[in-house]
Amino acid sequence: MVGGIVIPLVIEDLPGVSVPQEHNSVSDDAVALAPVGYKVNNRLRFTALLKEFLNPIKVSAEEFFSEWRLLARPLKLQEVVKGVNLMALEEITKLFDSLRLMVCPGLDPNANNLVASTDFYSKDIGAMLCLIRIETDPTDRTQLRMTVASRNPTLTFQLKEFIKKYVVRIDTAAKQPPRPLPTSPGGPSIALAGAPVGDQDITVKPIRDIAEGFYALCLKDMGVLYEDPYIQIGIKAEWQKHYGRIVLFLGNKNASAPLESVHVVILPPPHLKLEFSLVPETIPPRAQVQCPLEVINLNPSCEVAVLDFSYKFQKKLVINRLRLPTVLNKFLNPIQVSVENFFSQWRSLAGPLKLQQVVRGVRPISLEEMANLFNSLRLMVCPGLDISANNIVASTTFYSQSTGAMLCLVRIETDPADRTQIRMTVASKNPTLTFELKEFIKEHLVMIPTVTKQPPQPQPTMPPQIVEL
């Protein structure tokens, strides 16, 4: 079993196959990684690698780009993968050949990148073309940006995860962070558009943990997003259905010199419509300016807006790029559902409308702590709906301009003997919403250790009008 990745497959009508008396079925993790089309029943099951159902195929530039430009999230998924084996492009090419992925030279103008294609086969979807792009940074071979695309969202996700298992070092695989927010397409740079820290004057460092500040603001609507020795950026937000209003507070902490050449740009993801006011180019000493931001949610997505800002303090130029907490749960409204309403909807949904995954690497928290986290994420925990005391059921209503109000249902199954893994099922009447909500919840479950293990930060010395947002 190479890489430990297995996929359940049902053998039907194969003559001469002898079934062992004691046959171990595949693990829940393997089942969770299975692509569509393989139905597990009481027939004989055995494990097989995903690559066994791939057929490498070379595509022309015209075929590649016509398909590539046609596909978008969740049919096209992108992730920055860290902890990668130190491999040259030739070694990645050999690895792809062994995984039955056909490397297509000349399709990417960047010599540091690699493009591949293959056909996937299953009973339900037949033959389906899959496209892969790997972007590498010659100065840092320990990370790469991977984009995988196909016309089936489940296949796209499973193939991405499958490839990632082979490019990540074994000793760091268990420590991988959750799926980072995707970047804007088209650029060869590996730096995330939504990364907590972008290009920044190395002499000016933030005095707060940027990632911690972002995730804290995912759970509340007021707080500090960024702070360095000269500026503090705070946020106060209000949300109603698919509308939001954010006020950015930019405060000059210095008592003697102004912040000059202040430049603020909000970069919206495709699913958000944003309107914001300009910020003055100069912020006087000990002064604060406000930047109102109006938000309209058009479609379900985990992507967030990005704050691109810069300023000068005396001879220092500070440039930074931050994620804004315009996250999916801001457009949720927790709602309690009855037993009848829950199960009537739950049983009516299947396929891409109801997705299940085993999530590993979860901090071993109690059910009470998980319920508190869900409440913070605007997911209403519904006691008594699950017969197992080790499980949690939650419901919420999602709002966007395209979907309107849509009920979402969540079930978390835990194992008291191993709190580091859960099985999560998410359901709604919109396949994109189901997928995005599952990914969003998973990110927060595996990110809990990063947030909670940070030591408390000292309170900054700030004028009262900046601290009190």
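## A buried leucine and its surroundings

Leu293 touches Gly244, Arg245, Ile246, Ile266, Leu274, Glu275, Phe276 and Leu324, where residues up to four places away in sequence are not counted and a contact means heavy atoms within 4.5 Å. Leu293 belongs to strand S14 (residues 288-297). At 0% relative accessibility, Leu293 counts as buried; buried means under 20% relative accessible area, exposed over 50%, and partly exposed in between, with a 1.4 Å probe and protein chains only. The C-alpha atoms of Leu293 and Glu275 are separated by 5.7 Å, although these residues lie 18 residues apart along the chain.

## Basis of the model

This is a predicted model, in which local features need pLDDT of at least 70 and side-chain atom pairs count only at pLDDT 80 or more, while totals for chains, interfaces and linings use all residues. Residues are numbered from 1 along each chain as its sequence is written, and side-chain values use heavy atoms, with hydrogens and water left out.

## The chain as a whole

The chain has 10 helices and 22 strands. These elements are DSSP runs numbered from the N terminus: helices are H or I runs of at least four residues, and strands are E runs of at least two. Of the 469 residues in the chain, 53% are buried. Among contacts with a separation of 6 or more, 69% are between residues 24 or more positions apart.

The chain exposes about 21,800 Å², and carbon and sulfur atoms supply 53% of this area; accessible areas come from the Shrake-Rupley method with a 1.4 Å probe, and for residues only the protein chains shown count as cover.

## The five-stranded sheet

Strand S14 is part of an open sheet of five strands in the order S9-S10-S11-S14-S13, with antiparallel pairing. Two strands pair if DSSP finds at least two bridges between them. The edge strands are S9 and S13 (272-276), each of which pairs on one side only. From one strand to the next, the twist averages 25°. Strand S11 (residues 243-252) runs antiparallel to S14 and is joined to S14 by nine bridges; Val247 stands opposite Pro292 in S14.

Helix H6 (residues 210-219) lies across S9 and S10 (231-240), running at about 160° to S9. Axes are lines fitted to C-alpha atoms, for helices over the stretch in contact, and angles run from 0 to 180 degrees between N-to-C directions.

Glu227 is found in strand S9 (residues 222-227) and is buried, with a relative accessible area of 1%. The side chain of Glu227 makes a polar contact of 2.6 Å with the side chain of Arg208 and another, of 3.4 Å, with that of Gln232. A polar contact is a pair of N or O atoms within 3.5 Å; within protein, one must be able to donate a hydrogen and the other to accept it, and residues adjacent in sequence count only if both atoms are side-chain atoms.

## The three-stranded sheet

A second open sheet has the order S12-S15-S16, with antiparallel pairing. Strand S12 (260-267) and strand S16 (316-323) stand at the edges with a single partner strand each, so one side of each has no neighbour in the sheet. Strand S15 (residues 306-313) is joined to S16 by eight bridges. In S16, Leu322 is the bridge partner of Leu307, and Val318 is that of Tyr311. S15 and S16 form a hairpin with two residues between them, and Gln314 in the turn has a positive phi of about 55°.
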